[in-house]
Amino acid sequence: MVIDDSNTIRRSAEIFLVKAGCEVVLAEDGFDALAKITDHQPDVIFVDIMMPRLDGYQACSLIKKNPKFKSTPVIMLSSKDGLFDRARGRMVGSDEYLTKPFTKDSLLEAVGKHVLNRGLA
């Protein structure tokens with residue numbers, strides 16, 4: 001699942017992931033994601049930090065508080081690369097932090113690390 005309010009970022013991630021053989025669910029913000037997550041049960045979730053209505057930190061926290069998705073890897077996406085931002089991501093339960101613009105390799109590496117190691121892919 002890719003959660004980002006930027007259509008460009010969502011589409012870029014979708015293209016990279018689909019070409020690698022992944023099934024992708026897109027969400028425009030945290031509320032949209034929470035509505036879709038139960039139906040699709042993603043193996044990994046990429047979430048932008050800066051979004052309207054429900055930001056990435058709040059979305060990650062809500063996902064991780066749900067026992068069904070507690071172990072689902074959540075990877076924060078942000079154009080900010082500060083120590084504070086990374087620490088705040090860890091505090092809400094994120095598993096990794098990717099800086100935007102991400103590359104195809106960094107995106108697929110994150111999927112490989114979190115999904116393949118769990119034996120899901």
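**Entry 1. The sheet**

I began with β3 and β4, which pair in the parallel sense over 4 bridges; two strands count as paired if DSSP finds at least two bridges between them. Helices (H or I, at least four residues) and strands (E, at least two) are DSSP runs, numbered from the N terminus. I note that this is a predicted model, in which local features need pLDDT of at least 70 and side-chain atom pairs count only at pLDDT 80 or more, while totals for chains, interfaces and linings use all residues. Residues are numbered from 1 along each chain as its sequence is written, and side-chain values use heavy atoms, with hydrogens and water left out.

Phe 46 stands opposite Ile 75 in β4. Phe 46 of β3 is also the bridge partner of Val 2. β1 and β3 run parallel and are joined by 2 bridges. Strand β1 (residues 2-3) pairs with β2 in the parallel sense, again over 2 bridges, and Ile 3 has Ala 27 of β2 as its bridge partner.

I then traced the whole sheet. It is open, with 5 strands in the order β2-β1-β3-β4-β5 and parallel pairing. β2 (26-27) and β5 (96-99) each have a single partner strand, so one side of each is left without a neighbour in the sheet.

**Entry 2. The two faces of β3**

I asked which way the side chains of β3 point. Ile 45 and Val 47 point one way, Phe 46 and Asp 48 the other way, and all are buried. Buried means under 20% relative accessible area, exposed over 50%, and partly exposed in between (1.4 Å probe, protein chains only). In a regular strand, side chains alternate between the two faces of the sheet.

**Entry 3. The cores**

I looked for nonpolar cores, that is, sets of buried Ala, Val, Leu, Ile, Met, Phe, Trp, Tyr and Cys residues joined through side-chain atoms within 4.5 Å. The largest has 20 residues, and those with the most contacts inside it are Met 1, Ile 3, Ile 45, Val 47, Val 74 and Met 76. At least two residues of this core come from each of α2 (30-40), β3 (45-48), α3 (56-65) and β4 (74-78). α3 gives the largest share, 4 residues. A second, separate core has 16 residues, including Val 2, Leu 26, Val 44 and Leu 98.

I listed the neighbours of Met 76, taking contact as heavy atoms within 4.5 Å. Beyond four places in sequence, Met 76 touches, among others, Val 47, Tyr 57, Cys 60 and Leu 98.

α3 lies across β3 and β4 and runs at about 180 degrees to β4. Helix α5 (residues 104-114) touches β3, β4 and β5, and its direction makes about 170 degrees with that of β5.

How many residues of α3 are buried? I found 7 of its 10, and the helix is mostly covered. Its buried residues pack against α2, β3, β4 and α4 (83-91); among them are Tyr 57, Cys 60 and Ile 63. At the start of α3, a side-chain oxygen of Asp 55 reaches to within 3.0 Å of the backbone nitrogen of Tyr 57.

I found Lys 100 in the loop between β5 and α5, buried at a relative accessible area of 16%. Lys 100 lies 22 residues from Ser 78 in sequence, yet the two are 5.4 Å apart, C-alpha to C-alpha. The side chain of Lys 100 makes a polar contact of 3.1 Å with the side chain of Asp 4. Such a contact is a pair of N or O atoms within 3.5 Å; within protein, one must be able to donate a hydrogen and the other to accept it, and residues adjacent in sequence count only if both atoms are side-chain atoms.

Asp 4 sits in the loop between β1 and α1 (7-19) and is buried, with a relative accessible area of 0%. Its contacts beyond four places in sequence include Arg 10, Glu 28, Asp 48 and Lys 100. Asp 48 is also in contact with Lys 100.

**Entry 4. Cysteines**

I searched for disulfides (cysteine sulfur atoms within 2.5 Å) and counted 0. The sulfur of Cys 22 is 20 Å from the closest cysteine sulfur, in Cys 60, and therefore too far for a bond. Cys 22 is partly exposed at 26% relative accessibility, whereas Cys 60 is buried at 0%.

Technical notes: Axes fitted to C-alpha atoms, helices over the stretch in contact; angles between N-to-C directions.
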